[in-house]
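Please keep the sequence and the coordinates at hand while reading.

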Amino acid sequence: MEHLKGLSSSQGDKEPVYRDCVKQCVRINCTGVRLKGFESAQPPYMALTGWTCRDDCRYQCMWTTVGLYQSGGYRVPQFHGKWPFTRILCFEEPASALASLLNGLACLLMLLRYRSTVPRQSPMYHTINAFSLVSLNAWFWSTIFHTRDTYLTEKMDYFCATAVILYSIYLCCVRTLGLKRPEVSSMVGVLLILLFTSHVSYLTFVSFDYGYNMLANVSIGMVNLLWWLCWCWQNRRTLPYWWKCGLVVLLLHGLALLELMDFPPLLWVFDAHAVWHLSTIPVHFLFYSFLIDDSLYLLNTEKLGVKVE
């Protein structure tokens, strides 16, 4: 599972048979005339996504090694921190890439519905729009990363996912405190920006520590979870739609546990990470239903001069 990998190598790519296979394949196919033949025969979409002759050798040798493991009755190994996946067209992890794309489309669809339903005068309108753009950006990079795992796409996937969690905390802060005390949400916003900058700087310039990255995201995720749940509990008698928010945050954090179910991909396509991404698609519809209800409530209470809860 790529989001849990902590080493550059795994059992599969440490195997002598795999290493020898790659060396021989590169020596025979990735130099001179054979390399030119590979490049001329390579489909444009493969070249555009950065698949090289060496990458193709690794892919073919991975399956050779998997076949040997299976014939010997051994458990399928991981390669370079990931399970073996069937490459479909240029998609390295096709199920996760498709799931990320569908999450992004669901987010976009509901953002358009939000904009068409909620007037711009609603107090949370611009904050929610900004949150949606941050989320769309994260799903875009998740799709790119699962299409082609490179140094850049991996970092963008990780960093943008962290940005979504931090912005959700900011969104919660604005809703719970910022409408009455804008200076509080401004200070929290600055603090969150500093945290994000420090997080990205450490992972980029000091050490890309997968364990630290996971711990950091779990920590801020718990802050996000508890803050939203506290707000839901406080407003359970006054806001009839409070349960939508509570269910969303519980589902998002509960479904994330699916990643702990680490298993070889079913049909060499569906792993725990793909199942997790697929399971979050319906949550976008419920979350934006809550945002629409709450934004309209805030707009009406503002017009009536009622105290905002």
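Which helix supplies the largest share of the lining of the second largest pocket? In this predicted model, that share comes from helix α5 (residues 53-71), with four residues.

**Overall fold**

The protein chain holds 13 helices and zero strands, and its C-alpha atoms fill a box of roughly 75 × 35 × 35 Å, taken along the principal axes. Of the 309 residues in the chain, 46% are buried. The UniProt record, an unreviewed entry, lists as "transmembrane region" the residues 95-112, 124-144, 156-177, 184-204, 210-229, 241-261 and 281-299. Two of these stretches can be compared with the model's coordinates: over residues 184-204 the chain is 100% helix and 0% strand, with the end C-alpha atoms 30 Å apart, while over residues 281-299 the chain is likewise 100% helix and 0% strand, with the end C-alpha atoms 28 Å apart.

| Pocket | Volume | Lining by class |
|---|---|---|
| Largest | about 1,300 Å³ | 24 nonpolar, 13 polar and two charged residues |

At least two lining residues of the largest pocket come from each of α7 (125-147), α8 (151-178), α10, α11 (242-255), α12 (272-279) and α13, and the largest share, nine residues, is supplied by α10.

The lining of the second largest pocket consists of 18 residues, of which W51, R58, F79, H80 and E92 lie nearest the pocket centre. H80 has a positive phi of about 55° although it is not a glycine, and it lies in the loop between α5 and α6 (94-117). With a relative accessible area of 33%, H80 is partly exposed. L89 also has a positive phi of about 55° without being a glycine, and L89 too is placed in the loop between α5 and α6.

**Aromatic pairs and the aromatic cluster**

With ring centres required to lie within 6.5 Å of each other, the count comes to 21 aromatic pairs. Because Y202 lies in helix α9 (residues 182-206) and Y212 in helix α10 (residues 210-234), the pair ties together parts that are 10 residues apart in sequence. Y202 is partly exposed at 30% relative accessibility, and Y212 is partly exposed with a relative accessible area of 30%.

Which geometry, stacked or edge-to-face, does the pair of F287 and F290 adopt? F287 and F290 are stacked, at 6.3 Å centre to centre and with 25° between the planes. These two residues are three residues apart in helix α13 (residues 281-304), so they are separated by about one helical turn. F287 counts as buried at 12% relative accessibility, and F290 is buried with a relative accessible area of 1%, the cut-off for burial being under 20%.

Both phenylalanines also belong to one aromatic cluster, formed by F131, Y167, Y170, W228, W231, Y241, F287, Y288, F290 and Y297.

**Charges over rings**

Where do charged side-chain ends sit over aromatic rings? The charged end of K155 sits over the ring of F208, at 4.2 Å from the ring centre. For R236, the charged end sits over the ring of W233, at 3.6 Å from the centre of that ring.

Key. Residues are numbered from 1 along each chain as its sequence is written. This is a predicted model: local features need pLDDT of at least 70, side-chain atom pairs count only at pLDDT 80 or more; totals for chains, interfaces and linings use all residues. Side-chain values use heavy atoms; hydrogens and water are left out. Rings of Phe, Tyr and Trp (its six-membered ring) pair if their centres lie within 6.5 Å; planes under 30 degrees apart count as stacked, over 60 as edge-to-face and the rest as tilted. Buried means under 20% relative accessible area, exposed over 50%, partly exposed in between (1.4 Å probe, protein chains only). A charge sits over a ring if NZ of Lys or CZ of Arg is within 6 Å of the ring centre and within 35 degrees of the ring normal. On a 1 Å grid over the protein atoms alone, a cavity is a set of points where a 1.4 Å probe fits but cannot get out, and a pocket is an open set with protein on both sides within 12 Å along at least five of seven lines; lining residues have an atom within 4 Å of a point. Grid points are joined across faces, edges and corners, and a volume is the space filled by probe spheres set on the points. Ala, Val, Leu, Ile, Met, Phe, Trp, Tyr, Cys and Pro count as nonpolar, Asp, Glu, Lys and Arg as charged, and the others, Gly among them, as polar. UniProt positions are given in the numbering used here, feature names are shortened, and annotations may be inferred rather than shown by experiment.
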